[in-house]
Amino acid sequence: MTLGRASQQLDLLDPVSRFCAETLPANSIYAFLHVHRDRLFPDSLFVDLFAQVGRRSVPPSVVATVMVLQRLEGLSDREAVDRFAFDVRWRYAAGAGGWDGASRAGFAHTVLVDMRERLRRSANPDRIFEVALAAAREAGLLGRRRVLDSTPLYDAVATMDTITLIRSAVRGLLAAAGRDLAIELRGVLTSGDDYASTAKPVVDWDDKTAREALIDSRARDGYALLAALDGRKKLPEAVTEATRLLATVLGQDLETGDDGVLRIARKVAADRVISTVDPQARHGHKTSHRGFDGYKGHIAVDPDSEIITATEVTAGNTGDAGPAADLIADLTTPPSDQDTPGADAAVYGDSAYGAGEVLECLHTAGIDAKTKVQPAVAPGGKFTKDQFTIDLTAGTVTCPNQVTIAIRPITGHDRHAGRADFGRACTDCPLRTQCTESKTGRQITISRWETHLTAARTRQTDPAWRADYRATRPKVERKIAHLMRRRHGGRRTRMRGLLRVAADFKLLAAATNLARLATLGLTGSSQLRRAPA
């Protein structure tokens, strides 16, 4: 398929263009795209996605415009192409004009599927987001402050229970095996289940013995398949992946009882696969009382212009601190007119971003840390860690009773660098009841980032710091509300798999940024330069 090009000869007397030009507000997204579409999404921007010969594609500038409006309005592919065909605002934004003459009446919804896949496989899959961000930068809207936050993204599949996971994984392996290998593998199955149906086997689910027999028999089928494939070389990639998934499912939920029966373990695996349809989705918790299944969307926002500067998507069980360095990569790279990367830069975030590794990253880059750090706590209202005097230079910790203990180094731990064990000193201490109930006495653990954490806790007690934080940090919540206002394609993902969900989330951020540019009134053609080919 070769690159199709949109006509640059617009009919000034076209009734659709004339009507929209007269009635649409100047700061609407439709008017913005009508004016800037050729600069933002020239057909030449997508030339690498198409071959040199073949039939002409739908002009990429038209498809990109439809993709942006689709994400803003939370529409399915079929709904989006219907809007383009019948909504004059969409046609005006895409430069398609009316329905007379040579104007394109519409196109198949699979064009959107094809364009997303071409972008995903390209060397620059995020070009639409990058173009929107470059437009904001050229308009002088991006400063050196960022606010970070995350939000749950619910997966597009049903969460499976253990028996459904096992049967689905076995069925997937048999389907991937091919005819000859599948016949061989079915020969080792002993449960009598043909694994042809997605429905649960018919048993008395109120009968504990029947349930346990069902789980044991299907689990043994799974282990028999793994044993049959063990040690085989040159298996097709699809079979290898299906085998790995089956092994994961069997290992995460089951345990063998004293009687040799395989039962569901009374625990939840830390990285539990929740669906064989989307194996990368995970159980997540936004708070200790609020769980979800799927992914997490992470964003960085310029608090002054409310432009989204970066996005990341991770599994739902990933902490917020993990992607923080990628979200602020533009701040850790020095601007052309400055010698240090973090000059005049600041990063805001709630206590999820107050982890030691994030503070160290900001300190190394010279960025002002405006991230909250959890205050020190102790059970029962006893002495907290910050009531002990920690002298890292001398390597000692002094308790409220003025007893000083040397810090004992800890090696091989990811987060702990040392520990002060008061032990015997607590035996006759008059403050013991206010300090600890442990029989072995009080222990103070020293973090690998203790210096940064202590400085951050001191810094956030400053009234000026707190006023700045309260005035700036909530702006990211409003931006997340803009992203999530549509359930389909907003809070509920439209795709399966981490890469596709991440690409769709970034496209949503690009569309939201373009809508923000329109709201800010960037309607003059001189305010945006033409995007590079």
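**View 1. Strand E14 gives the largest share of the lining of the second largest pocket, with 5 residues.** Welcome to the first close-up of this predicted model. Strand E14 covers residues 443–447, and helix H16 covers residues 450–459. Both elements supply at least two residues each to the lining of this pocket.

**View 2. The second largest pocket has a volume of about 360 Å³.** A total of 20 residues line this pocket, and those closest to its centre are Ala-376, Lys-385, Thr-445, Leu-453 and Arg-457.

**View 3. Helices H10 and H11 cross at roughly 140 degrees.** Here we turn to a pair of helices. H10 spans residues 208–229 and H11 spans residues 237–253, and their axes come within 10 Å. The crossing in which H10 passes H11 is left-handed.

**View 4. Residues from both H10 and H11 make the contact between these helices.** Look on the H10 side for Ala-219, Gly-222, Tyr-223, Leu-225, Leu-226 and Leu-229. Their partners on the H11 side are Val-239, Thr-243, Leu-246, Ala-247, Leu-250 and Gly-251. Taken by class, the contact of H10 with H11 holds 9 nonpolar and 3 polar residues, and no charged ones.

Definitions and conventions
Residues numbered from 1 in each chain as written. Predicted model: local features only at pLDDT ≥ 70, side-chain atom pairs only at ≥ 80, totals over all residues. Heavy atoms only, no water. 1 Å grid on protein atoms, 1.4 Å probe; cavity = no way out; pocket = protein on both sides within 12 Å on 5 of 7 lines; lining within 4 Å. Points joined across faces, edges and corners; volume = space filled by probe spheres on them. Helix = DSSP H or I, 4+ residues; strand = E, 2+ residues; numbered from the N terminus. Axes fitted to C-alpha atoms, helices over the stretch in contact; angles between N-to-C directions. Left-handed = near helix turned anticlockwise from the far one by under 90°. Contact = heavy atoms within 4.5 Å. Nonpolar A, V, L, I, M, F, W, Y, C, P; charged D, E, K, R; others polar.
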